[in-house]
Amino acid sequence: MKRCDATTAWAALQGHFEAHGRDFDLREAFTRDAGRFAALSFDAPEIFADLSKNLVDAATMQWLLELARQCDLEAQRDALLRGDIANPTEGRAVLHTALRAPRGAGPYSDEVHAVLDAMLAYAERVRGDAGLTDIVNIGIGGSDLGPQMAVPALQAYGRPDKRLHFVSNVDGHDIAPLLQRLDAKHTLFIVASKTFTTQETMANATVAREWFLAQGGTDIARHFAATTTNVAAAAAFGITTTFGFWDWVGGRFSLWSAIGLPIAVAVGERNFRDLLAGAHAMDRHFAEAPLEHNLPVLLGLIDVWYRNFHRFTSRSVAPYHQGLKRLPAYLQQLEMESNGKRVDRDGNPLPYGSSPVVWGEPGTNGQHAYFQMLHQGTDVVPVEFIAVKTPAHGLADQHRKLLANCLAQSQALMLGKTAAAAAAEKAPTAAPGIAPDVLARHRSFPGNRPSTTLLLQALTPRSLGALIALYEHRIFTSGALWGINSFDQWGVELGKALCNALLPRLASGDTQGLDASTAGLLKRLTS
């Protein structure tokens with residue numbers, strides 16, 4: 001493994017940043033180069049990407065591509081895709097790409113397609129069962145965020161007689177109000193837990209089973225299914241319909257597996273297969289496109305440029321499509337659980353930053369919430385706009401307004417507004433008597449704030465699959481350059497262990513041996 005900071009390209013990038021990158025001005029770049037948009041726009045399966053509003057020039061991109069080569073990115077990518085050990089701390093391959101490969105085209109193909117066929121056949125039976133109107137997915141983390149993101153994204157492909165619900169939080173305020181609205185006779189629960197031991201999931205599953213029995217339900221086998229590898233534990237719970245997956249499927253990469261059962265119930269077999277096909281098309285692009293035109297690679301390289309040279313600490317995702325309302329939450333786990341690491345694969349501390357904070361809301365809602373900070377705040381936050389050309393509704397005027405807002409925001413971030421321009425404008429809401437120069441400073445925008453725009457022709461199962469796979473491979477790219485293991489998640493373990501130790505203390509009130517803060521809080525909660 002060659003870590004990025006051990007390369008000559010890294011040193012060259014540092015020199016390039018000091019000489020040209022730190023003071024790079026997008027407005028000047030567009031003035032100098034009439035072909036900038038064409039040179040920094042790229043086509044990938046289902047997605048057009050405009051990278052021209054990023055703080056890069058041709059030299060920046062060439063040095064970043066050289067960095068990728070010196071870090072053996074292509075060899076690391078090829079090892080991942082063929083099933084070598086990519087998660088060394090757990091000794092596992094990482095083969096979510098095999099879950100969407102056509103029959104006979106990927107590792108473990110016979111096993112993958114046997115489970116896929118069985119899962120989709122069951123989904124079709126549920127879709128054809130008029131007695132089941134409400135499907136409740138009980139999971140957390142990767143067993144929840146993927147399906148919860150994809151189902152509303154593909155709402156146009158659903159059917160009105162099947163309502164999908166998602167329960168994840170161990171807080172009873174999540175499941176209790178939902179159960180009040182359901183009828184046990186018409187409800188199917190899907191319990192999603194690889195080990196069938198996840199604390200939050202099993203607590204909610206137990207509540208659901210008790211509610212079902214209290215409502216007079218008797219046929220647990222019909223009203224409960226599980227996506228798990230622990231068939232014995234599911235059977236002990238009363239569940240006989242189970243669909244498994246493998247230890248080389250990480251939770252945050254698992255919506256392509258049996259974890260995608262609620263997606264399949266929502267949109268049907270053909271559309272679920274299209275979701276897989278879109279992701280596979282992006283897999284082939286990642287595997288085969290030259291680095292200079294490889295969209296996941298280019299995005300990952302720009303992420304490294306921003307995080308390690310510009311020292312930007314976060315990135316905002318702004319999907320201008322209501323169906324993608326849960327995409328920012330999904331990407332939070334996908335990126336921060338993957339690359340939120342402080343040591344490299346050999347356990348050595350990193351001397352540079354890794355994952356940025358990923359956050360966001362759908363446009364145009366975000367414009368009336370946090371865009372103030374993006375435009376005039378003290379921190380520069382790169383923004384990722386996602387736009388969809390063709391809507392699934394017939395409200396053409398509203399869609400034009402949506403797209404105009406999306407384009408305007410990226411334009412405003414780049415162009416800004418000078419104090420002189422602000423002073424020449426009227427401000428109807430300005431306080432009487434405020435000095436014009438003071439008001440102008442309040443109403444000026446620095447501009448030169450970077451953004452990327454990803455454009456989809458339409459939000460379809462195929463384009464959604466490609467979009468998610470794009471982010472997966474982009475995250476792998478930056479993680480590979482940082483020399484980290486993007487596929488373990490030890491950071492979630494300590495809190496779980498301490499929770500298990502504290503749980504009986506909340507019943508007993510015992511504070512012996514605890515730190516003063518935890519002891520004081522526990523005492524307040526139990527007295």
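Which residues of helix 1 (residues 8–21) are buried? They are Ala9, Trp10, Leu13, His16, Phe17 and Gly21. Because these residues cover an arc of only 120 degrees around the axis, they lie on the same side of helix 1; the arc is that of the directions from the helix axis to the C-beta atoms. Thr8 and Ala19, on the other side of helix 1, are exposed. Buried stands for under 20% relative accessible area, exposed for over 50%, and partly exposed for values in between (1.4 Å probe, protein chains only). The cover over the buried residues of helix 1 includes helix 4 (58–70) and helix 14 (295–310).

The model is predicted: local features need pLDDT of at least 70, side-chain atom pairs count only at pLDDT 80 or more, and totals for chains, interfaces and linings use all residues. Residues are numbered from 1 along each chain as its sequence is written, and side-chain values use heavy atoms, with hydrogens and water left out. Helices (H or I, at least four residues) and strands (E, at least two) are DSSP runs numbered from the N terminus.

An open sheet of 6 strands has the order 1-2-13-12-10-11, with mixed pairing. Strand 1 (41–44) and strand 11 (357–359) are the edge strands, each pairing on one side only. Two strands pair if DSSP finds at least two bridges between them. On average, neighbouring strands of this sheet are turned by 20 degrees against each other, direction ignored. Strand 12 (residues 383–390) and strand 13 (residues 451–458) run parallel and are joined by 7 bridges. Val388 stands opposite Leu456 in strand 13.

| Helix | Strands touched | Angle of directions |
|---|---|---|
| Helix 14 | strand 1, strand 2 (47–50), strand 10 (314–320), strand 13 | about 135 degrees with strand 1 |
| Helix 20 (residues 461–482) | strand 2, strand 10, strand 12, strand 13 | about 150 degrees with strand 13 |

Axes are lines fitted to C-alpha atoms, for helices over the stretch in contact, and angles run from 0 to 180 degrees between N-to-C directions. Contact means heavy atoms within 4.5 Å.

**Single residues**

Ser410 is part of helix 17 (residues 396–415). Ser410 counts as buried because its relative accessibility is 2%. Apart from neighbours within four places in sequence, Ser410 contacts Lys53, Phe385, Ser451 and Thr453.

The whole structure holds 0 disulfides, a disulfide being a pair of cysteine sulfur atoms within 2.5 Å. Cys71 is in no disulfide, and the nearest cysteine sulfur, that of Cys4, is 5.5 Å away. Cys71 has 1% relative accessibility and so counts as buried, whereas Cys499, at 31%, counts as partly exposed.
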